[in-house]
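User: I'm new to this one and would like a walk through it. Can you put it up?

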Amino acid sequence: MDTSKSNLFYACEMVLEEEGIYGDVSCDEWAFSLLPLDVDLLSMELPEFFRDYFLEGDQRWINTVAQALHLLSTLYGPFLNCYGIGRCAKMSYDLWRKLEEEEDSETKGRRPEIGHIFLLDRDMDFVTALCSQVVYEGLVDDTFRIKCGSVDFGPEVTSSDKSLKVLLNAEDKVFNEIRNEHFSNVFGFLSQKARNLQAQYDRRRGMDIKQMKNFVSQELKGLKQEHRLLSLHIGACESIMKKKTKQDFQELIKTEHALLEGFNIRESTNYIEEHIDRQVSPIESLRLMCLLSITENGLIPKDYRSLKTQYLQSYGPEHLLTFSNLRRAGLLTEQAPGDTLTAVENKMSKLVTDKAAGKITDAFSSLAKRSNFRAISKKLNLIPRVDGEYDLKVPRDMAYVFSGAYVPLSCRIIEQVLERRSWQGLDEVIRLLNCSEFAFTDMTKEDKASSESLRLILVVFLGGCTFSEISALRFLGRERGYRFIFLTTAITNSARLMEAMSEVKA
């Protein structure tokens with residue numbers, strides 16, 4: 001395939017030809033693969049990537065990912081250490097290496113500026129994406145939907161009859177200081193900011209003419225801008241509080257934490273049933289069912305049937321196809337009768353012999369969807385042991401992004417690989433993730449690298465990443481002296497994940 005021509009739409013040329021003007025116009029393409037949403041965040045803005053690849057198995061975007069990586073390596077020199085996990089990561093990596101080889105001269109001899117690059121498939125960690133977000137930026141996304149780096153704040157936030165489109169990035173000084181904070185700290189910070197702002201305004205009182213002139217020309221504009229942003233974020237916080245209290249957020253979070261820890265599964269299942277019966281929200285109910293399924297390695301047949309029946313009765317039979325999609329993607333599965341871990345392992349060893357005989361059985365496809373979350377969680381210590389209260393004001397680890405209850409799996413893996421400089425010692429985790437043949441490391445000589453570049457890490461999420469993961473890795477960066485840059489196919493959250501799988505359009 002001629003890559004220079006790959007993105008030019010043949011369909012466009014056809015239309016121009018049909019209209020009889022093909023010879024009169026000159027066609028060019030604009031490579032629009034990377035959109036900088038913030039100082040450390042690049043998005044490809046491909047929300048369809050998740051469904052296309054992880055449900056339909058459609059590989060059309062892999063070339064786009066490879067081209068984006070190629071563009072970055074031509075700008076910043078070769079990547080020194082490359083780590084990947086997942087089938088999509090492996091394909092993107094292989095295609096990108098092919099592009100590099102074809103145009104070898106461009107990066108040869110260049111000083112590398114990026115020390116490490118991680119390629120992660122979304123399906124290796126569905127749990128993190130399914131959890132409710134509690135850092136400020138994640139909550140704003142869950143509540144108002146951040147689209148392409150901006151958010152529409154309605155009249156309930158702006159305290160007027162107008163809606164307002166607001167850009168959310170590091171330029172917004174107020175937002176920049178609260179974006180990664182746990183929501184419980186945000187109000188305190190905003191009220192302190194309001195007091196400081198008032199004190200700066202009050203300085204005008206004792207000023208003479210010259211000082212007043214300086215104040216008006218140099219400070220007033222900035223103070224007014226900050227004041228406007230401050231009142232917007234206070235409005236947003238109040239609106240979030242109202243919505244979350246209405247749906248009894250505390251109870252919801254408690255259920256999620258119980259699912260993550262594997263406690264009170266019966267009670268959690270009852271909570272989900274009640275959620276469905278009260279028709280709280282079809283998307284929310286699906287999300288909780290998926291979280292139950294993945295943390296429990298699939299639902300026992302009785303629970304699967306009963307929850308599915310209740311769901312279809314409550315929200316309508318048109319959701320039937322959605323269940324089939326969730327099953328295919330491994331998000332909502334049913335345990336095979338008598339399927340304990342040992343049975344799974346027996347099946348695995350039988351499979352190996354079957355595979356040798358060239359018979360890949362049906363069991364393999366169902367086995368590949370096993371989540372093994374509980375075992376992975378133990379191995380990587382994803383549920384921190386807390387003595388006393390977890391102080392969310394002074395977080396001790398990445399678990400603060402989920403109120404101290406859970407360290408995002410994707411972020412923990414990055415932390416572990418960086419510590420070891422390879423996948424060494426993580427074989428068991430890789431096996432449990434069903435990714436053994438798709439976890440890879442590619443080390444280049446580090447002698448040309450500056451210590452500065454070794455601290456710079458590019459994390460590529462294939463299938464979307466959440467603001468909680470971004471906040472967690474920013475925290476890890478501050479703690480360990482790394483600087484993370486994120487490249488994602490799109491920003492995601494639990495609702496977007498479920499909508500992508502749903503056959504019923506909202």
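User: Let's start with a loop. Where is asparagine 434 found?
Analyst: Asparagine 434 is found in the loop between α20 (427–432) and β7. Keep in mind that this is a predicted model.

User: What is phi of asparagine 434?
Analyst: Its phi is near 55°, which is a positive value in a residue other than glycine.

User: And does asparagine 434 count as buried or partly exposed?
Analyst: Asparagine 434 counts as partly exposed, at 28% relative accessibility.

User: Which loop holds serine 403?
Analyst: Serine 403 is in the loop between α18 (373–380) and α19 (409–420). Serine 403 has a positive phi of about 55° although it is not a glycine. With a relative accessible area of 25%, serine 403 is partly exposed.

User: Stepping back, how many helices and strands are in the protein chain?
Analyst: The chain has 23 helices and nine strands. It has 506 residues, and buried ones make up 52% of them.

User: What does the accessible surface come to?
Analyst: About 25100 Å² for the protein chain, and 53% of that belongs to carbon and sulfur atoms.

User: What about contacts along the chain?
Analyst: Taking the contacts with a separation of 6 or more, 74% are between residues 24 or more positions apart.

User: Now the sheet. What is the order of the seven strands?
Analyst: The order is β1-β2-β9-β8-β4-β3-β7, in an open sheet with mixed pairing. From one strand to the next, the twist averages 20°.

User: Which strands stand at the edges?
Analyst: β1 (35–38) and β7 (439–443). Each has a single partner strand, so one side of each is left without a neighbour in the sheet.

User: How does β9 pair up?
Analyst: β9 (residues 483–488) runs parallel to β2 (residues 41–43), and three bridges join the two. β9 also pairs with β8 in the parallel sense, over six bridges.

User: Which residues are partners there?
Analyst: Leucine 41 has phenylalanine 486 of β9 as its bridge partner, and leucine 42 has leucine 487. Phenylalanine 486 in β9 also stands opposite valine 459.

User: How many residues of β9 are buried?
Analyst: Five of its six residues, so β9 is mostly covered.

User: Which helix lies across β2, β4, β8 and β9?
Analyst: That is helix α3 (residues 62–76), which runs at about 170° to β8 (456–462).

User: What is tyrosine 76 in contact with?
Analyst: Tyrosine 76 is found in helix α3. Leaving aside neighbours within four places in sequence, tyrosine 76 is in contact with Arg110, Arg111, Pro112, Glu113 and Ile114. Tyrosine 76 and glutamate 113 are 37 residues apart in sequence, and their C-alpha atoms are 5.4 Å apart in space.

User: Is tyrosine 76 buried or partly exposed?
Analyst: Partly exposed, with a relative accessible area of 34%.

User: Then asparagine 325, is it buried or exposed?
Analyst: Asparagine 325 has 5% relative accessibility, so it counts as buried, the cut-off being under 20%. Asparagine 325 sits in helix α15 (residues 320–328). Not counting residues up to four places away in sequence, asparagine 325 touches Arg51, Leu55, Met501 and Glu503.

User: On to helix pairs. How should I read those?
Analyst: Two packed helices are described by the angle between their axes and the distance between the axes.

User: At what angle do α11 and α13 cross?
Analyst: The axes of α11 (residues 249–261) and α13 (residues 282–295) cross at roughly 20° and come within 9 Å. The two helices are therefore roughly parallel to each other. On the α11 side, the contact is made by Leu252, Glu256, Leu259 and Leu260. From α13 come Glu284, Arg287, Leu288, Leu291, Leu292 and Thr295. These contact residues divide into six nonpolar, one polar and three charged.

User: And α13 with α23, parallel or perpendicular?
Analyst: Roughly perpendicular. Their axes cross at roughly 95° and come within 9 Å, with α23 covering residues 494–501. Ile283, Leu286, Arg287 and Cys290 of α13 make the contact with Ser494, Ala495, Met498 and Glu499 of α23. By class, that contact has five nonpolar, one polar and two charged residues.

Notes: Residues are numbered from 1 along each chain as its sequence is written. This is a predicted model: local features need pLDDT of at least 70, side-chain atom pairs count only at pLDDT 80 or more; totals for chains, interfaces and linings use all residues. Side-chain values use heavy atoms; hydrogens and water are left out. Axes are lines fitted to C-alpha atoms, for helices over the stretch in contact, and angles run from 0 to 180 degrees between N-to-C directions. Helices (H or I, at least four residues) and strands (E, at least two) are DSSP runs, numbered from the N terminus. Angles under 35 degrees count as roughly parallel, over 145 as roughly antiparallel, 65 to 115 as roughly perpendicular and the rest as oblique. Contact means heavy atoms within 4.5 Å. Ala, Val, Leu, Ile, Met, Phe, Trp, Tyr, Cys and Pro count as nonpolar, Asp, Glu, Lys and Arg as charged, and the others, Gly among them, as polar. Buried means under 20% relative accessible area, exposed over 50%, partly exposed in between (1.4 Å probe, protein chains only). Two strands pair if DSSP finds at least two bridges between them. Accessible areas come from the Shrake-Rupley method with a 1.4 Å probe; for residues, only the protein chains shown count as cover.
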